[in-house]
Amino acid sequence: MMARPPRKRVLRVAHLTDIHVQPEKDAAKGMSRCLQVVHQLKPRPDLIFNGGDSVMDVFSQGRERARTLKQLWQSILRDHCEIPVIHCIGNHDVWGWDRARSGCTGNEPDYGKRWAMELFELEQRYYAFDRAGWRFMVLDSTFPHGNGYKARLDEEQFEWLQTELTRTPASTPVCILSHIPILSASAYLDGNNEKTGDWVVPGAWMHIDARRIIELFWKHRNVKLCLSGHIHLYDRVDYNGVTYLCNGAVCGAWWNGDYQQTPPGFGLIDLYSDGTFESQYLTYLSGSAQPLWKG
């Protein structure tokens with residue numbers, strides 16, 4: 001019997017989510033420090049995955065505040081980041097959907113997700129790409145619900161996801177990036193969600209269409225890893241052979257220290273040639289990367 005080839009690391013990804021950059025609370029310094037620590041890692045990550053909620057926030061803000069945040073975000077990336085960045089749209093990156101507070105009419109040319117796509121220089125709000133023998137699919141989780149939003153995929157996007165998974169060879173491992181978790185344990189603990197005497201997880205906390213997404217993944221066993229943020233808490237859920245990593249928040253509690261038991265930090269994921277991976281959650285406020293949890 002021939003020996004299997006040795007497992008080889010083919011890609012290193014830093015997953016930075018929920019940065020919530022703003023002029024206040026030294027958030028710009030915090031974002032810059034995080035990027036500095038990421039660039040000091042050895043080996044240096046090949047990619048940064050920006051998990052969304054990059055600014056604080058434009059969902060309920062007027063144009064002037066949105067312009068300030070866009071300039072701040074883009075200037076920090078320009079001055080402090082040399083690693084290619086893959087962007088995912090978060091709910092706070094969607095401009096003006098709360099019309100009562102933003103003053104938007106909905107007819108602005110950069111209203112809603114168009115603003116986020118300009119911020120991240122995206123041609124599509126969801127997309128796929130290949131790198132180092134892995135297939136990556138970036139989802140758009142945020143859809144309007146009244147003056148707020150729910151976490152789900154629209155029909156067009158779900159059909160696209162089905163097609164992409166079908167056309168991906170079964171031998172190619174797949175990693176999914178979404179802002180809002182498809183499946184998460186920490187969603188139960190983000191707020192007093194047991195106050196009624198039953199666990200009630202809001203549809204804005206976790207994908208309300210998780211069941212059909214999970215059933216789709218069951219048909220495609222090469223889906224290995226799903227990365228998300230949104231909750232600002234770290235957790236790992238292994239379900240049906242898929243690992244769901246919710247990787248905390250760069251901003252912690254919106255630049256007010258730790259959020260519950262999760263300090264400000266980011267995920268570091270090493271992807272291997274055999275479809276396996278290793279992950280860590282790292283803190284950075286000391287100026288160097290400090291491993292906190294390993295997955």
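Modeller: Contact here means heavy atoms within 4.5 Å. Helices (H or I, at least four residues) and strands (E, at least two) are DSSP runs, numbered from the N terminus. This is a predicted model, in which local features need pLDDT of at least 70, side-chain atom pairs count only at pLDDT 80 or more, and totals for chains, interfaces and linings use all residues. Residues are numbered from 1 along each chain as its sequence is written, and side-chain values use heavy atoms, with hydrogens and water left out.

Colleague: Against which elements do the buried residues of helix 6 pack?

Modeller: Buried means under 20% relative accessible area, exposed over 50% and partly exposed in between (1.4 Å probe, protein chains only). In helix 6 the buried residues are Ala210, Ile213, Ile214, Leu216 and Phe217. Seen down the axis of helix 6, they fall within an arc of 155 degrees (taken from the directions from the helix axis to the C-beta atoms), so they line one face of the helix. Their packing partners are helix 5, strand 8 (174–177), strand 9 (223–228), strand 10 (234–239) and strand 11 (242–247).

Colleague: Which exposed residues does the face of helix 6 turned away from its buried side carry?

Modeller: The buried side of helix 6 includes Ile213 and Phe217. The face turned away from that side carries Arg211 and Lys219.

Colleague: At what angle do helix 5 and helix 6 pack?

Modeller: Axes are lines fitted to C-alpha atoms, for helices over the stretch in contact, and angles run from 0 to 180 degrees between N-to-C directions. The axes of helix 5 (residues 155–167) and helix 6 (residues 210–219) lie 11 Å apart, and the packing angle is about 15 degrees.

Colleague: Is glutamine 157 buried or exposed?

Modeller: Glutamine 157 has its place in helix 5. Leaving aside neighbours within four places in sequence, glutamine 157 is in contact with Arg125, Tyr126, Leu139, Asp140 and Phe143. With a relative accessible area of 0%, glutamine 157 is buried.

Colleague: How far apart are the axes of helix 2 and helix 4?

Modeller: Helix 2 (residues 63–80) packs with helix 4 (residues 113–120) at an angle of about 25 degrees. The distance between their axes is 10 Å.
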